Amino acid sequence: MRVQPPLRIFVGWDPAQLRACAVAMHSARARASAALDLRRLGLPELVARGLYARPTRHPEPGRPGYYDEISAAPMSTGHAIARFLVPTLCGHEGWALFTDGDVLFRRDPADLFAVADPGCAVQVVKHLPIDGQGLKMTGAVQTSYARKNWSSVMLFNCGHPANAALDAGLVNTVPGRDLHRFCWLDDSLVGGLPSGWNHLVGTSFPDPDPALVHFTDGVPDMPGYEHCQWSDEWHAAARTCGYRLGRLSEASR
């Protein structure tokens, strides 16, 4: 299916991950052959607009993550659940892509929209289950749940009738684990994407040339991940968008 530009892309951001989001957005622009409607998706703006009303405990000074009272579970970023507001933000019309902020586009985003299937309500890379729970990134809890990482890159058919149920009321009342398993959809409406469009660095099966890499365990500017696979490309993109000596220029924020 051909999706007409501008192509809507929402990139999750969190105040603790400004650099990662800036790099992700820059990489999308740099690879794009079509016009993009590229937006950050963050908790402060959504709360201010009255779209996000979940009781959320904010991180203590010096500690990462959040705590969601409805889920009775931690969230590593502010967009952990806010991502499911994308169809609402799009007026339940057209197509839109959501990605976590810790990704790097290595191919043209138009190639991803080109596989849009109007019969699906959402399309994702269907990763195999990952067992266990631990820490990731700056110490945030790595929580296990059904269909983990599926929702880190989602191509939404916002106008699909089944997505009418995914409104702010549902997003603000349902446990996060249910949203991440697409509880509002029949399984037949959760379509697939080619695996290269959400390649989990250090976890996915080897792929010499994935379209989008996802630094889910840690972005290359974090201690211990400076030399992970594709870190050179990430650092090159970071320098281009204003990342210098551990700081981003104000224009990149």
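Which residues does His-160 touch, not counting residues up to four places away in sequence?

Author: The model is a predicted one. Within it, His-160 touches Pro-118, Gly-119, Cys-120, Ala-121 and Leu-189, once residues up to four places away in sequence are set aside. The histidine itself belongs to the loop between strand S11 (153-157) and helix H6 (168-171). Its relative accessible area is 14%, and His-160 is therefore classed as buried, the limit being under 20%.

Val-103 counts as buried because its relative accessibility is 0%. Apart from neighbours within four places in sequence, Val-103 is in contact with Ala-24, Leu-212, Val-213 and His-214. The C-alpha atom of Val-103 also lies 8.9 Å from that of Met-25, although 78 residues separate the two along the chain.

The remaining contact to describe is between two helices. Helix H1 (residues 18-31) packs with helix H8 (residues 231-240) at an angle of about 90°, and their axes are 9 Å apart. H1 is therefore roughly perpendicular to H8. On the H1 side the contact involves Arg-19, Ala-20, Val-23 and His-26, which meet Trp-234, Ala-237, Ala-238 and Thr-240 of H8. By class, the residues of this contact comprise 5 nonpolar, 2 polar and 1 charged.

Terms used
Residues are numbered from 1 along each chain as its sequence is written. This is a predicted model: local features need pLDDT of at least 70, side-chain atom pairs count only at pLDDT 80 or more; totals for chains, interfaces and linings use all residues. Side-chain values use heavy atoms; hydrogens and water are left out. Axes are lines fitted to C-alpha atoms, for helices over the stretch in contact, and angles run from 0 to 180 degrees between N-to-C directions. Helices (H or I, at least four residues) and strands (E, at least two) are DSSP runs, numbered from the N terminus. Angles under 35 degrees count as roughly parallel, over 145 as roughly antiparallel, 65 to 115 as roughly perpendicular and the rest as oblique. Contact means heavy atoms within 4.5 Å. Ala, Val, Leu, Ile, Met, Phe, Trp, Tyr, Cys and Pro count as nonpolar, Asp, Glu, Lys and Arg as charged, and the others, Gly among them, as polar. Buried means under 20% relative accessible area, exposed over 50%, partly exposed in between (1.4 Å probe, protein chains only).
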